Amino acid sequence: SVIKADKKTTDKEETRKENIAEIVVEEEDKNEPQQTPRKRINLPKLEEYVLSKFIDNKDLRKHSFIEDAQILMPQKEIDPISDFNPVFDGYVETENYEMFIEIKLRNSPLVMFRERLYVMLSKLYYYRQAKKTNAYLNLILVDRPIENERVFGNYETKMIAEFEPAIRLGLLKIEYI
């Protein structure tokens with residue numbers, strides 16, 4: 001089954017996201033020096049907002065929804081390699097599928113996210129096999145308004161190409177907001 005992650009785990013996840021937000025701002029400042037300092041991104045608030053809008057726009061509130069979700073199964077039964085249990089930004093269960101949701105800034109260092117995405121997809125793959133369900137990860141890449149004119153590096157293209165097998169399997173879907 002899937003549960004809401006405990007407070008200690010979500011606090012650790014928030015700290016990780018804040019560190020990533022700092023890296024994003026530092027990278028932007030290096031690439032585009034400006035006269036006025038850039039505001040630090042409150043990634044947890046942004047993710048909360050995007051998740052809420054996504055759930056409302058897809059009319060998913062009527063289904064079982066969990067924010068900060070983790071898979072609750074003995075990990076040794078699911079994954080023979082690792083006991084690490086990632087926290088997903090959201091989880092929705094309908095009669096036809098189980099959707100795990102992860103939200104990322106489109107300009108965040110996706111190269112740093114690559115390994116985390118691999119682990120998430122690996123866990124979902126094992127979960128899908130153990131439970132014999134249609135479970136997948138819906139990765140939402142967020143464009144901030146100031147970024148509409150920016151050209152994104154080929155990290156995103158490479159990442160999508162690397163995870164093409166997961167996309168073909170229906171294990172990974174990517175949306176842009």
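How much accessible surface does the protein have, and what percentage of that surface belongs to carbon and sulfur atoms? The accessible surface comes to about 10,200 Å², and carbon and sulfur atoms account for 53% of it. Keep in mind as you look around that this is a predicted model.

**Start with the whole chain.** Show it as a cartoon and you will find six helices and six strands. Followed along the sequence, they come in the pattern β-α-α-β-α-β-β-α-β-α-α-β. If you colour by burial, 44% of the 177 residues are buried.

**Next, select the strands.** The six strands make an open sheet with mixed pairing, ordered β1-β2-β3-β4-β5-β6. From one strand to the next, the twist averages 40°.

**Zoom in on residues 64-71 and 88-93.** These are β2 and β3, an antiparallel pair joined over five bridges. Pick Ser-64 and you can trace its bridge to Glu-93 in β3.

**Finish at Lys-123.** Select residues 110-131 to bring up helix α4, where Lys-123 sits. Is this lysine, Lys-123, buried or exposed? Lys-123 counts as buried because its relative accessibility is 2%, under the 20% cut-off. Show its side chain and you will see that Lys-123 reaches the backbone oxygen of Phe-84 at 3.0 Å.

Technical notes. Residues are numbered from 1 along each chain as its sequence is written. This is a predicted model: local features need pLDDT of at least 70, side-chain atom pairs count only at pLDDT 80 or more; totals for chains, interfaces and linings use all residues. Side-chain values use heavy atoms; hydrogens and water are left out. Helices (H or I, at least four residues) and strands (E, at least two) are DSSP runs, numbered from the N terminus. Buried means under 20% relative accessible area, exposed over 50%, partly exposed in between (1.4 Å probe, protein chains only). A polar contact is a pair of N or O atoms within 3.5 Å; within protein, one must be able to donate a hydrogen and the other to accept it, and residues adjacent in sequence count only if both atoms are side-chain atoms. Accessible areas come from the Shrake-Rupley method with a 1.4 Å probe; for residues, only the protein chains shown count as cover. Two strands pair if DSSP finds at least two bridges between them. Axes are lines fitted to C-alpha atoms, for helices over the stretch in contact, and angles run from 0 to 180 degrees between N-to-C directions.
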